[in-house]
Amino acid sequence: MSALSYFKWPFAVTAFGLVLAYWLGLQTTGTVAGALSFLLIGSVLAVLEISLSFDNAIVNANKLKDMTPVWQHRFLTWGILIAVFGMRIVFPLAVVVIAARIGPIEAIVLAAKQPQEYARIMDEAHLSISAFGGTFLMMVALNYFMDQEKDVDWVRLLEERLRKWSSIKGIEIAMVLLMAVGFTVVLPEDQGATFLFSSICGLLTFLAVELVGHVLDAQEDVGRAAAQGGFGAFLYLEVLDASFSFDGVIGAFALTQNLFLIAIGLGIGAMYVRSMTLMLVERKTLAQFRYLEHGAFYSVLVLAIIMLVQSLTHVPEVITGLLGASLIGCSLLASIHHNRQVG
């Protein structure tokens with residue numbers, strides 16, 4: 001398959017989504033100028049989601065390549081429904097339902113009729129989301145680098161040291177908890193307690209997902225273990241996807257307060273991320289480029305740090321996207337250089 005053939009569905013969804021964004025703008029504002037504004041914002045949101053989630057595609061591909069074909073297909077079909085409808089629509093609604101203590105229907109009405117109030121509630125929940133997502137992603141990155149079986153290093157001085165430290169039991173958890181305590185001390189007392197609780201929840205979620213995957217993979221029945229192990233990996237990828245999405249969903253409110261426009265724009269971006277994941281797996285791109293995976297996990301580490309830092313100050317999404325793209329680009333160039341030397 002050519003590279004473009006992987007993006008047939010995303011192209012179709014893009015066309016439909018942009019038409020829908022234009023129609024939504026026309027219905028909301030009643031003017032062509034307003035409709036064009038919605039169309040532009042929807043396009044920017046899609047590009048933002050793609051730029052922030054390219055590292056997500058690489059990390060997904062790293063896990064997906066070891067799953068059975070059945071579970072690969074389920075992740076790329078069921079997973080897209082969860083990613084688009086779950087994280088881009090249900091998640092923001094759930095945050096408002098919990099924070100404002102109102103019903104789901106009331107939250108939808110609030111999003112449609114009082115978008116500014118809806119955005120305010122989402123903004124107030126930003127601290128908890130940043131702490132939870134940042135901690136989870138930090139564990140994902142450290143779990144990759146602090147692996148004694150890892151035998152390829154890109155930034156050798158740092159990665160060799162991290163691999164040596166991995167012999168200390170629970171070192172990753174201690175590092176993450178130490179960082180969480182540090183942020184808790186710096187934050188005001190009322191915010192510090194919220195940050196620490198959310199951070200611990202993120203850590204426990206990571207450990208719970210790892211435990212589920214380990215238990216399912218350890219079943220005695222080999223055939224059953226393969227299927228159930230696929231479920232464990234599927235669950236891990238969905239939680240990972242959610243953590244990657246936190247930043248984009250919250251950041252989208254800086255561009256628009258319309259929940260439905262956010263769902264359209266980020267949904268378009270999510271389709272491209274899934275297609276990139278599929279292309280990376282089927283074309284074995286990670287095997288061809290030695291350090292690409294490293295660049296993605298460094299990007300995850302940077303995103304985790306940025307999400308934690310956002311509990312103190314706002315970090316523009318463009319910086320997050322540029323840093324992630326730069327790290328992946330450098331790892332790609334390093335891989336090409338290595339291939340030329342070996343070849």
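Predicted model: local features only at pLDDT ≥ 70, side-chain atom pairs only at ≥ 80, totals over all residues.
Helix α13, residues 292-309, has 18 residues and reaches 26 Å from its first C-alpha to its last, close to the 26 Å expected at 1.5 Å a residue. Of the 18 residues of α13, 15 are buried, so the helix is largely enclosed by the rest of the structure.

The protein as a whole is built from helices: its secondary structure comes to 14 helices and zero strands. Of its 343 residues, 50% count as buried. The protein exposes about 16800 Å², and carbon and sulfur atoms supply 67% of that area. Among contacts between residues at least 6 apart in sequence, 78% join residues at least 24 apart.

Two packed helices are described by the angle between their axes and the distance between the axes. Helix α1 covers residues 8-29 and helix α11 covers residues 259-282; they pack at an angle of about 175 degrees, with their axes 9 Å apart. An angle over 145 degrees counts as roughly antiparallel, and α1 and α11 are therefore roughly antiparallel to each other.

Which residues of α1 and α11 meet? On the α1 side they are Trp9, Pro10, Phe11, Val13, Thr14, Gly17, Leu18, Leu20, Ala21 and Leu24. On the α11 side they are Phe260, Leu261, Ile264, Ile268, Met271, Tyr272 and Ser275. By class, this contact has 14 nonpolar, three polar and no charged residues.

Helix α11 also holds Thr277. Is Thr277 buried or exposed? Its relative accessible area is 0%, and buried means under 20%, so Thr277 is buried. Leaving aside residues up to four places away in sequence, Thr277 touches Ala57, Asn60, Ala61 and Leu64.

Thr256 has 10% relative accessibility and so counts as buried. With residues up to four places away in sequence again left out, Thr256 touches Ile41, Leu45, Leu261 and Ile262. Of these, Leu261 is also one of the α11 residues that meet α1. Thr256 and Pro115 are 141 residues apart in sequence, while their C-alpha atoms are 9.0 Å apart in space.

Notes. Residues numbered from 1 in each chain as written. Heavy atoms only, no water. Helix = DSSP H or I, 4+ residues; strand = E, 2+ residues; numbered from the N terminus. Expected span 1.5 Å × (residues − 1). Buried < 20%, exposed > 50% of the residue type's maximum accessible area, 1.4 Å probe, protein only. Axes fitted to C-alpha atoms, helices over the stretch in contact; angles between N-to-C directions. Parallel < 35°, antiparallel > 145°, perpendicular 65-115°, else oblique. Contact = heavy atoms within 4.5 Å. Nonpolar A, V, L, I, M, F, W, Y, C, P; charged D, E, K, R; others polar. Areas by Shrake-Rupley, 256 points an atom, 1.4 Å probe, with all protein chains shown as cover.
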